[in-house]
Amino acid sequence: MNIRDMVRTTFRGLVPCLIPCFAIIGTALAQGAPGGPGSPGSWTYAGKSGVGTSYERYVNGQYGANNGPTGVISKVWFSISEGIITETAHGLIHEAQIKDVQLLVTGPGFFDEEKKDTDQRIEYLHVDGAGRPLSPAYRVVNTDRDGKYVIEKHVFTDPDRQALFMRVIFTANAAGITPYLLVNPHMGNTAGGDVAYVGADHLGARQNEDEYLVVRSSAPYVKVSAGFEGVSDGWQDLADNRVMDWAYPWAENGNVAMTAQLPTLNAASATWDFAFGFGPSHAAAMAEADGALTDGYQTVLDKFNGAGAAIGWEDYLAGLSELPALRALTGDGGKLIHASAIVLKTLEDKSNAGALIASLSIPWGDVRSAGEYKTGYRAVWPRDFYQCAMALLALGDKETPVVAFKYLEKVQVRPGTPGNRGAAGWFLQKTHVDGVQEWHRVQMDQTAMPVMLGWRLWQAGLLSNAGIADWYRRMLKPAAEFLANGGRVDIGDESPYTIAPPWTRLERWEEQAGYSPSNTAAVVTGLIVAADIARQAGDGDAAGWYESRADLFAANIERWMFTTNGSAPAGGGNGRHYLRITGDQDPGDGDPVEAANGRPALDERLMLDPGFLELVRYGVRPANDPYVLDSLAELDAASLPDELRVRYEFPCVGAKVSGWRRYGNDGYGERTDNGSAYSPNERDQHPAQRGRVWPFLTGERGHFELERLKAQSGGTLSPAGIDGLRTAYVKAMECFANNGLMLPEQVWDGVGANATYNFTLGEGTDGATPLAWSHAEYVKLVRSLADRNTWDSYSIVRARYAAPYASEFVQVFLRGTWNGWDSTAMQLVADHKWQLKDVPFGGAADERFKFDVYGDWSLNFGDNGQDGTTEADGEDIPITAGKGLYAITLDDRTGKYQVVKQ
């Protein structure tokens with residue numbers, strides 16, 4: 001259908017058309033909007049105060065059926081920022097069809113834009129008696145700063161249709177006030193190439209012939225017009241004389257907008273309902289919108305909420321078995337944990353069940369071009385994905401984590417993966433929810449975490465023994481093989497490179513290659529749980545290999561990633577701390593960490609990063625480990641210059657709480673010289689860019705402090721200890737949430753200029769809100785307090801590496817003729833006592849062994865005098881009692897050893 005046919009269709013049937021009517025229409029048809037293609041499009045402010053979609057139930061782990069318990073699967077998602085509806089998607093969660101929807105207001109002597117000229121308040125429409133949200137239906141109240149009018153909006157989706165519902169209650173406090181609805185579509189997730197068309201009873205837009213938007217109202221529009229954004233749209237029309245002079249029936253092939261004039265009010269209130277319908281044709285989109293309006297506000301809202309027999313958000317929350325108990329461990333009576341549960345479930349795609357995205361936002365979207373297809377954070381990263389799945393599991397959701405785990409097969413690199421010419425088994429860095437590749441670089445933690453998630457689901461009884469064995473063969477064994485052995489990576493347009501674990505092409509901040517404590521913590525954990533799964537699957541040889549590789553990596557963490565001549569002089573510490581990352585295995589050589597995000601390269605020893613706490617979280621190191629404790633002093637130093645400083649304090653309910661940046665020298669944030677947004681374009685990046693404080697790092701610190709308290713009190717936690725953790729860390733994260741209970745990626749730390757956004761201290765920035773990882777970390781922290789144990793700690797890892805005993809060495813290996821001089825880890829069974837039992841020596845005359853600290857002979861011990869005391873680089877220790885099983889022990893303080901035939 002061409003545009004003239006489209007416009008003719010919109011006018012058909014509106015009035016009994018006589019000859020004069022056709023003449024009028026013919027004149028209108030000749031007057032499409034001027035100024036195409038309009039101004040370059042952008043996205044919107046990324047600090048969302050609300051996100052939402054309908055709750056749908058799975059049918060056999062999928063959303064495909066429209067005849068399931070929740071009926072038609074509604075695939076519409078919306079967001080709210082600056083008091084207005086922003087990016088609204090239909091189809092796939094990352095495919096926005098609308099950029100924003102707002103009201104323009106004129107009256108005697110003024111022209112206002114809703115998002116700029118009002119004070120905004122947001123709250124949940126549906127809450128329980130304690131004020132905890134029960135669905136992502138929102139009430140937004142925007143009040144004119146001069147008191148001339150109030151705009152109240154209720155926003156939610158129709159769970160039975162492809163439609164967004166918005167009720168507007170407009171109160172004019174003076175005469176002659178006229179509101180206008182302004183809709184800026186970005187059909188197909190871009191600003192260009194759109195067609196806008198209008199009729200007396202609707203606004204419409206499309207891109208190509210496969211995705212249409214129609215906006216219908218419960219009351220007739222007074223006047224309608226289509227135009228090009230920034231040139232001939234409604235804002236431009238009203239700005240000059242506060243009168244809607246234009247009535248263009250269409251605007252074709254550009255960044256378009258539609259405007260509808262609403263009735264003028266004279267010191268009165270009016271209520272209008274609007275439905276935004278989506279479909280593959282104009283008629284289909286019209287039907288979706290009309291169906292929502294026909295059902296009406298209360299019916300649609302009740303279904304959305306799950307009132308009565310309807311299945312909706314109330315039912316999802318009621319099915320979270322752990323939620324009631326977790327409320328008691330929060331600082332706000334459970335409001336944020338309810339919101340977090342809703343946010344995490346909202347961020348799942350419905351065409352690809354289990355696909356959990358990082359955020360419904362594009363960071364600094366207000367300055368990001370929408371001229372090309374972008375996902376921003378509306379995409380799958382296996383690391384963020386793991387955080388979400390583990391948080392949903394912590395809440396007692398027994399379905400979504402399993403569906404999510406099974407989804408991961410879609411984003412694992414296989415021999416047949418498009419563009420793959422190299423190693424397989426690892427997981428793609430970033431993909432669209434349908435598996436389309438976006439970024440390709442290997443991040444080793446993102447390959448470990450799917451294995452870790454599978455093990456947790458198995459331990460929780462959500463995957464059977466047979467089920468985990470099947471998934472081991474299908475997905476987890478290839479991942480474990482890559483964690484253990486690495487390989488040559490050659491995919492897409494990336495230059496080939498070789499992964500030699502635990503070296504990673506990118507660490508968890510996706511910026512640097514090398515050896516990273518946080519990545520290595522995940523690699524070690526992934527390998528140990530993979531070994532457990534492998535034995536269940538009958539693959540004992542692989543299990544032993546995975547353990548041996550994990551032991552080797554664990555033994556060398558401090559040797560490769562801990563410096564003794566670091567950033568202490570400026571911070572008041574002792575210069576001993578874990579590095580953020582190092583390109584080689586020498587943490588003291590001062591090699592530069594490459595420039596990134598506009599910031600210059602920096603000596604690796606000066607760059608502090610709290611990621612080493614993941615070693616404690618997973619169980620690779622105990623909380624009282626001296627290397628860990630040494631690192632805390634540098635990390636928390638307030639005397640460091642701001643460019644290197646990591647820890648900052650914020651006001652919170654009459655107290656001070658702490659937050660941490662990702663690392664010193666971080667440039668992923670607003671500029672300090674003028675407060676302007678971070679630039680994603682490398683050519684425009686500036687050394688004044690500054691990464692701010694990330695709230696989920698407060699949650700990570702809370703998990704560490706929980707383990708430290710346990711280590712100090714014999715493995716238990718007192719009520720006073722729990723309350724202290726809640727005050728310092730749970731309440732801190734609650735203070736970082738905005739008025740819509742959305743947790744941001746970053747909060748303003750008070751450093752540098754602030755003129756662009758005028759943030760308050762601790763307020764979320766324009767980075768990305770809500771961030772799924774932030775909500776997930778909050779949920780996991782509350783669950784950890786409830787359990788008195790870190791939620792995503794791994795018991796078999798902790799038992800292997802974090803025994804509560806003193807020792808001189810991180811690890812000791814036994815090597816000898818019995819294992820072909822390979823490295824087998826001994827166990828720390830008491831202070832300074834290492835032991836390995838059931839060592840099977842043969843009966844040959846030359847059976848012998850030695851002790852090795854790092855598994856590479858660089859520090860090994862034998863016995864020169866055969867007197868039971870070891871010496872460095874000593875002679876091999878012989879077995880003299882013949883064939884059998886032996887128990888061998890070593891005191892790492894005295895060097896004395898024992899060999900006992902069992």
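This is a predicted model: local features need pLDDT of at least 70, side-chain atom pairs count only at pLDDT 80 or more; totals for chains, interfaces and linings use all residues.

Me: Which strands stand at the edges of the open sheet of 9 strands?
Reply: Residues are numbered from 1 along each chain as its sequence is written, and side-chain values use heavy atoms, without hydrogens and water. The order is β6-β7-β8-β9-β17-β13-β12-β11-β15, with antiparallel pairing (strands are DSSP E runs of at least two residues, helices H or I runs of at least four, numbered from the N terminus; a pair needs at least two DSSP bridges). Two strands have a single partner each, so one side of each lacks a neighbour in the sheet: β6 (118-124) and β15 (250-254).

Me: What stands opposite valine 215 in β17?
Reply: Strands β13 (residues 211-217) and β17 (residues 269-279) run antiparallel, joined by 6 bridges. Opposite valine 215 is phenylalanine 276.

Me: What angle does the direction of helix α5 make with that of β17?
Reply: Helix α5 (residues 282-295) packs on the sheet, with β13 and β17 among the strands touched (contact means heavy atoms within 4.5 Å). Angles run from 0 to 180 degrees between N-to-C directions, with axes fitted to C-alpha atoms, for helices over the stretch in contact. The value is about 140 degrees.

Me: Are α12 and α14 roughly parallel or oblique to each other?
Reply: Helices α12 (residues 444-459) and α14 (residues 517-536) pack at about 45 degrees, with axes 8 Å apart. Under 35 degrees counts as roughly parallel, over 145 as roughly antiparallel, 65 to 115 as roughly perpendicular, and the rest as oblique. The two helices are therefore oblique.
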